[in-house]
Amino acid sequence: MSFTSQGPEAETTIVLVHGLGGRRAQTAALADDLSHDSHVVSVDLLGHGSSPAGQGADGMRAQIEALRQLIEDLALARVALVGHSAGGTTALRMTNEVQEIETAILLDSSLIISDAVEDWADHLASSLDRDGFHKTVTDLLRANLGDKSMATISDEVNEAVKHTNPEVGAALLLDAVTFDAPGEIRRSPSRLCYVRSSRPITAAQLHAVRSDVTFHRVEHAGHWVQMEQPSKVADIIRRHVSAPTGVPTHVTGSQPSEALP
């Protein structure tokens, strides 16, 4: 698994995980901000960016094992895992399997936590060949760009998806769609924070599953919140990682009414 390490040594290492059809370039601005005072590791998931496919066609399980091995190889004793989109579902599941993960911050992650399950069957069916995967996922991701997204973000989305292994991407998408988010949230021993920008997820929905999940909504950003508002997201991460257990982490730029009281 390809990765970049930057920033000073610290007790807790922040590990940044991009989403489906992404690469670590999509967390670069966030990593640069955080690395001023934190140790940050940014990864390319299997079959994405510069990482080989490996066993990535086995879906989320293969990604988790690769991330677990990286944490072991780097001898990281305490980890704050930050996952964007499908990388967030992977991060959430990892909290139930990897004891070094003390906290997880999910950036606009694709959690289905209500009975209104989206119908992804047609998307998945057309994703299994390279051209179908690239078109399906690019259309899906571009539809979630913010109203004021920079052209460079749109270009990066296109390029990252184009270079994603389609079998690996389809397997990760399938796992993300069928992911048992409520069960994983309830079972997780880690502190959890959800950062919303474009997903139709509310604090009330999350708190109905688990009352101590911290929730922040970042305005003026689409799905790629870490690229459009990196400083705001970095502030949320810092406060969540450093706050004592049980203390709400209200942040400027979030909506207090949707964070824990």
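These are my notebook entries on a predicted model of one protein.

**Ground rules**

I number residues from 1 along each chain as its sequence is written. For this predicted model I take local features only at pLDDT of at least 70 and side-chain atom pairs only at pLDDT 80 or more, while totals for chains, interfaces and linings use all residues, and side-chain values use heavy atoms, with hydrogens and water left out.

**Entry 1: inventory**

I looked up the secondary structure first. The protein has 11 helices and seven strands. Both are DSSP runs numbered from the N terminus: helices are H or I with at least four residues, strands are E with at least two. I then looked up burial. Of the 261 residues, 56% count as buried. Buried means under 20% relative accessible area, exposed means over 50%, and partly exposed lies in between (1.4 Å probe, protein chains only). I also checked contacts, meaning heavy atoms within 4.5 Å. Among contacts with a separation of 6 or more, residues 24 or more positions apart account for 71%.

**Entry 2: the sheet**

In what order do the seven strands stand in the sheet? I read β1-β3-β2-β4-β5-β6-β7, an open sheet with mixed pairing. Two strands pair if DSSP finds at least two bridges between them. β1 (3-6) and β7 (214-217) stand at the edges with a single partner strand each, so one side of each has no neighbour in the sheet. The twist averages 15° from one strand to the next. I noted the general rule too: strands of a sheet pair through backbone hydrogen bonds, either parallel or antiparallel.

I picked two pairings to follow. β2 and β3 pair in the parallel sense over five bridges. There, I14 stands opposite V40 in β3. β5 (residues 101-107) and β6 (residues 191-196) also pair in the parallel sense, over five bridges. The bridge partner of L106 is Y194 in β6.

**Entry 3: is β2 buried or exposed?**

I found β2 mostly covered: five of its five residues are buried. In a regular strand the side chains alternate between the two faces of the sheet. In β2, T13, V15 and V17 lie on one side and I14 and L16 on the other, and all are buried.

Axes here are lines fitted to C-alpha atoms, for helices over the stretch in contact; angles run from 0 to 180 degrees between N-to-C directions. Helix α2 (residues 60-73) lies across β1, β2 (13-17), β3 (39-43) and β4 (79-84). α2 runs at about 145° to β3. Helix α3 (residues 86-95) lies across β2, β4, β5 and β6, at about 150° to β4. I checked how covered α3 is: nine of its 10 residues are buried. Among them are A86, G87, G88 and T89.

**Entry 4: helix on helix**

At what angle do α2 and α3 pack? I get about 65°, with the axes 10 Å apart. α2 and α3 are therefore roughly perpendicular to each other. The crossing of α2 and α3 is right-handed. A crossing is right-handed if the near helix is turned clockwise from the far one by less than a right angle, left-handed if anticlockwise. Residues of α2 including M60, I64, L67 and I71 meet T89, T90, R93 and M94 in α3.

I then took α2 against helix α7 (residues 166-177). Their axes come within 8 Å and cross at roughly 100°. That makes α2 roughly perpendicular to α7. M60, R61 and Q63 in α2 meet V168, L172, D175 and A176 in α7.

**Entry 5: aromatics**

I searched the whole structure and found one aromatic pair. Y194 and F215 are stacked, 6.1 Å centre to centre with 10° between the planes. Rings of Phe, Tyr and Trp (its six-membered ring) pair if their centres lie within 6.5 Å; planes under 30 degrees apart are stacked, over 60 edge-to-face, the rest tilted. The pair links distant parts of the chain: Y194 in β6 and F215 in β7 are 21 residues apart. Both Y194 and F215 are buried.

**Entry 6: positive phi**

I looked up two non-glycine residues with positive phi. D108 has a phi of about 50° and lies in the loop between β5 and α4 (121-126). H220 has a phi of about 60° and is found in the loop between β7 and α10 (225-228). D108 counts as buried at 0% relative accessibility, whereas H220 counts as exposed at 66%.

How values were computed. Angles under 35 degrees count as roughly parallel, over 145 as roughly antiparallel, 65 to 115 as roughly perpendicular and the rest as oblique.
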